[in-house]
Amino acid sequence: KLYEPLEDIHKNSDIWDNPDELYEIGFACSKMGEPQNGLEKDREHLKTIKRYRDLSLRFYKRCFELEPTSYRYASSVAYRYYQNINELTKPKGRRDGNVSEEIENAHEWFDKSLSLYPTSIKDNYRKGKMILDKQLPNMKYSGRELLREDFQEMDNLEDKATNCLRKAIGSYESLSDDNRKKYYRNEYIKSLYTLGKFYIDQVKLPWNEFLCSRIGNKFYSPLFAETEYLVYGKELMEKCYKEVIGIDMNDELDLGLLTNISKKSTTSPVDILYSLGVLYFKMYFIKHVQNKQDNIQVYRSYAYKFLNGAIDLRKEFRKQRIPFRNTDYINNCLANLNIIDNNYREAIYNTKRSKTSYIKNTYAAALMLTNDMNNIREATRILKPIVSDKHNLSRNLSIVLLAKAYQLIGEEKEQERLINDSNKSVDRLLELIL
């Protein structure tokens, strides 16, 4: 209230020309511009907080005008735009802005800040994460057809993002002052996790083809590309694990320790355990399909350890009534691991309660792999509704699984009708499964 009306602050030169005081007002406005939980759709609330956000940007930019060599002010503008992006893309968040415009603005100001302070841990982390977690998905799922120029731009953005995250990591690891290391520790951990996860996700497995060849009893030997990314991801995610959990990779998981860390860590141990489980699952899968034995049992053992650890930690949260998001995707990965090892009943147990279509596919596939006719009929019952679901993103796999199930229970007419109604995109999977 002291400075109201805030829109008229420029009339007071003692404040308008004082970057230190103006920055404090901008910071207060930025905090007041954050949406309150439960009010993200309230028009009056949105109108009020928009006023404060706009004022904070105005004041921060004025500070930069006064001191254009100070990275602090450019960084503050960039961070306000970065917060806007997170608020607009958060599930059940506010939707009163344009994400693409906010990303463009954030880029402009991150570039200004980093030109003044290239080794900034916070800004390098935020810019890298913004690109990987917000900008690239926003481009990929924009709904328009992507051109070659778009893919080239996305490749360039990936390079920018990974360079930023590597700089953040390198800058932190070069620090010698313990107080500064403590101050930047969260950004370091999040940089390790974000970049490690990106590299792990880069290696795509032909899981649907493998699954169909297993059910169809067909030989399948795929080629794998860019597997070196798993090596990069492994180094980063193991560093992240040791920094957050504080124990060696071979040490037994302590649920009490993990639960306590979860209550205060900005990077969830569940996410770290799951990412390590995915990493070693991929490494084990590749060795298994290639029939190579070097380190295969080590990868297998780690995959089970970390996936089961993530699930056990989630169960501990339930016991202690600690809220956490749905994590059926962890069960699905563990089920896939059990399928590789012919542990079909374990895979059934892992997935039978899920209501998500792609996990129902895993459940149905595991049922079919038991070669039990009752299980195959149950798979048929599970698959019929998700084949009809136009929102099922894994519908192609659902179709071919149901076609095989019809074949196994002797319903050739239903199988023929299903195949005739499907498009060419399922042909390769049908070839492997039938």
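This is a predicted model: local features need pLDDT of at least 70, side-chain atom pairs count only at pLDDT 80 or more; totals for chains, interfaces and linings use all residues.

Biologist: Okay, which residues form one aromatic cluster?

Modeller: Look for Phe and Trp side chains, since their rings can pair. The residues that form one aromatic cluster are Trp207, Phe210, Phe224, Phe281 and Phe285.

Biologist: And how many aromatic pairs does the structure hold?

Modeller: Here the whole structure is searched for rings with centres within 6.5 Å. The number of aromatic pairs it holds is 26.

Biologist: Let's look at one of them: how are the rings of phenylalanine 64 and tryptophan 109 arranged?

Modeller: Their centres are 5.4 Å apart, and the angle between the planes is 75 degrees. Planes over 60 degrees apart get their own label. So this pair is edge-to-face.

Biologist: How many residues apart in sequence are the parts that this pair ties together?

Modeller: Phenylalanine 64 sits in helix H3, residues 43-66, while tryptophan 109 sits in helix H5, residues 99-116. The pair therefore ties together parts whose separation in sequence is 45 residues.

Biologist: Are phenylalanine 64 and tryptophan 109 buried or exposed?

Modeller: The cut-off you need is under 20% relative accessible area for buried. Phenylalanine 64 has 13%, and tryptophan 109 has 7%. Both values pass, so phenylalanine 64 and tryptophan 109 count as buried.

Biologist: What about tyrosine 82 and phenylalanine 110, how are their rings arranged?

Modeller: The centres of these two rings are 6.3 Å apart, with 75 degrees between the planes. Tyrosine 82 belongs to helix H4, residues 71-89, and phenylalanine 110 to H5, so the pair ties together parts 28 residues apart in sequence. As for accessibility, tyrosine 82 is buried at 8%, and phenylalanine 110 is buried at 0%. The arrangement of the rings is edge-to-face.

Biologist: Now the helices: how do H12 and H14 run relative to each other?

Modeller: The axes of H12, residues 269-290, and H14, residues 328-340, come within 11 Å and cross at roughly 25 degrees. An angle under 35 degrees has a name of its own. So H12 and H14 are roughly parallel.

Biologist: How many nonpolar residues does the contact of H12 with H14 have?

Modeller: On the H12 side, the residues include Val270, Val278, Phe281 and Phe285, and they meet residues of H14 including Ile330, Cys333 and Leu337. Two residues of this contact are polar and one is charged. The nonpolar ones number eleven.

Biologist: How do H13 and H14 run relative to each other?

Modeller: The axes of H13, residues 296-319, and H14 come within 10 Å and cross at roughly 150 degrees. The crossing is left-handed. Since angles over 145 degrees fall in one class, H13 and H14 are roughly antiparallel.

Biologist: How do H18 and H19 run relative to each other?

Modeller: H18 covers residues 395-408 and H19 covers residues 412-421, and their axes come within 8 Å. They cross at roughly 160 degrees, in a left-handed crossing. That makes H18 and H19 roughly antiparallel.

Biologist: Where is tyrosine 199?

Modeller: Tyrosine 199 is buried, at 7% relative accessible area. Beyond four places in sequence, its contacts include Thr162, Arg166 and Tyr229. Its place is in residues 178-202, helix H8.

Biologist: Stepping back, how many helices does the protein chain have?

Modeller: The C-alpha trace spans about 85 × 45 × 45 Å along its principal axes, and of the 434 residues, 50% count as buried. The chain has zero strands. Its number of helices is 20.

Key
Residues are numbered from 1 along each chain as its sequence is written. Side-chain values use heavy atoms; hydrogens and water are left out. Axes are lines fitted to C-alpha atoms, for helices over the stretch in contact, and angles run from 0 to 180 degrees between N-to-C directions. Helices (H or I, at least four residues) and strands (E, at least two) are DSSP runs, numbered from the N terminus. Angles under 35 degrees count as roughly parallel, over 145 as roughly antiparallel, 65 to 115 as roughly perpendicular and the rest as oblique. Contact means heavy atoms within 4.5 Å. Ala, Val, Leu, Ile, Met, Phe, Trp, Tyr, Cys and Pro count as nonpolar, Asp, Glu, Lys and Arg as charged, and the others, Gly among them, as polar. Rings of Phe, Tyr and Trp (its six-membered ring) pair if their centres lie within 6.5 Å; planes under 30 degrees apart count as stacked, over 60 as edge-to-face and the rest as tilted. Buried means under 20% relative accessible area, exposed over 50%, partly exposed in between (1.4 Å probe, protein chains only). A crossing is left-handed if the near helix is turned anticlockwise from the far one by less than a right angle, and right-handed if clockwise.
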